[in-house]
Amino acid sequence: MTNTADTLAPRDPRPDLDRLQRLMGLMTGDEKHSPAATSTLDALWVLYDRVLRVSPETFGDRGRDRFLLSKGHGPMAYYAVLAAKGFFPEELLSRFGSYDSPLGHHPDRTLVPGAEIGSGSLGHGLPLAVGSVLGLRAQGLTEPRVWVLIGDAELDEGSNHEALAYAGPAGLEQLRTLVIDNSSATHGWPGGIASRFEAAGWSAETVDGRDHEALYTAFTTPHPGRPRAVVARVEPKHA
């Protein structure tokens, strides 16, 4: 399975971001969690546009890449990207959070086309990603990659540390973790977030979370025999 829109040439992200901002603007209400959404927008777009091997047509394929949104509050950027990629009609966005809308304040995998998991309490996504990789391996599927997006504050949760402590020594090369670092965590890590993953045997790198080429390079850097963590450092913006 090939990437949905892979390319080596640098590209101008402004037209894409203009469209995504327009789509995000269709979603209104008091539960938007705008900083949580806008801090993920650039990284999500690079993943879905240039890296993930999944599309509306291939979402049911066993060999697809999986993307798990653990940072589920403020999912507007996620919904905008899914709509832009054709997983569901853009018209659904204006119904965000309404009683009869499939687009809730947290994604529901049974309602949102393209969603792999339902999210709620923070700290579950990375353990689910580890389990997904183990499940794929048990089926003999070693090509699909499992991506999970977590927030820096989620690393306050012990469940994430148990998962990352296991994944490194287990050599879960299919596992990729994207950490959105917008300085919302209660606790810090000497040497930075990436150092926590490196200490557990991961390949890890910190990049500018708004720089599309830096994100793409970090997402596609080889890491044989080890899981990969990309820490995207961003200053939150309000939509």
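This is a predicted model: local features need pLDDT of at least 70, side-chain atom pairs count only at pLDDT 80 or more; totals for chains, interfaces and linings use all residues.
The largest cavity comes out at a volume of about 40 Å³.

Right, on to the helices. Two packed helices are described by the angle between their axes and the distance between the axes.

Take H1 with H3 as the opening pair. H1 is residues 14–25, and its axis comes within 11 Å of the H3 axis, with the two crossing at roughly 115°. H1 and H3 are therefore roughly perpendicular to each other, and their crossing is right-handed. On the H1 side you'll see Asp 16, Leu 17, Leu 20, Gln 21 and Met 24, and these meet Leu 41, Asp 42, Trp 45 and Asp 49 in H3. By class, that contact of H1 with H3 has five nonpolar, three charged and one polar residue.

Stay on H1, but turn to H4, which is residues 76–84. The angle between H1 and H4 is about 115°, and their axes are 9 Å apart. Again, H1 and H4 make a right-handed crossing. H1 brings Arg 19, Leu 20, Leu 23 and Met 24 to this contact, and H4 brings Met 76, Ala 77, Ala 80, Val 81 and Ala 84. The class count for H1 with H4 is eight nonpolar, one charged and no polar. Keep an eye on Leu 20 and Met 24: they're in the contact with H3 and also in the one with H4.

Back to H3, residues 41–51, and its packing on H8, residues 212–220. How far apart are the H3 and H8 axes, and at what angle do they pack? They're 10 Å apart, at about 60°. That makes H3 oblique to H8. The H3 and H8 crossing is right-handed. From H3 you get Asp 42, Ala 43, Trp 45, Val 46, Leu 47, Arg 50 and Val 51, meeting His 212, Glu 213, Leu 215, Tyr 216, Phe 219 and Thr 220 in H8. The contact of H3 with H8 divides into eight nonpolar, three charged and two polar residues.

Key: Residues are numbered from 1 along each chain as its sequence is written. Side-chain values use heavy atoms; hydrogens and water are left out. On a 1 Å grid over the protein atoms alone, a cavity is a set of points where a 1.4 Å probe fits but cannot get out, and a pocket is an open set with protein on both sides within 12 Å along at least five of seven lines; lining residues have an atom within 4 Å of a point. Grid points are joined across faces, edges and corners, and a volume is the space filled by probe spheres set on the points. Axes are lines fitted to C-alpha atoms, for helices over the stretch in contact, and angles run from 0 to 180 degrees between N-to-C directions. Helices (H or I, at least four residues) and strands (E, at least two) are DSSP runs, numbered from the N terminus. Angles under 35 degrees count as roughly parallel, over 145 as roughly antiparallel, 65 to 115 as roughly perpendicular and the rest as oblique. A crossing is left-handed if the near helix is turned anticlockwise from the far one by less than a right angle, and right-handed if clockwise. Contact means heavy atoms within 4.5 Å. Ala, Val, Leu, Ile, Met, Phe, Trp, Tyr, Cys and Pro count as nonpolar, Asp, Glu, Lys and Arg as charged, and the others, Gly among them, as polar.
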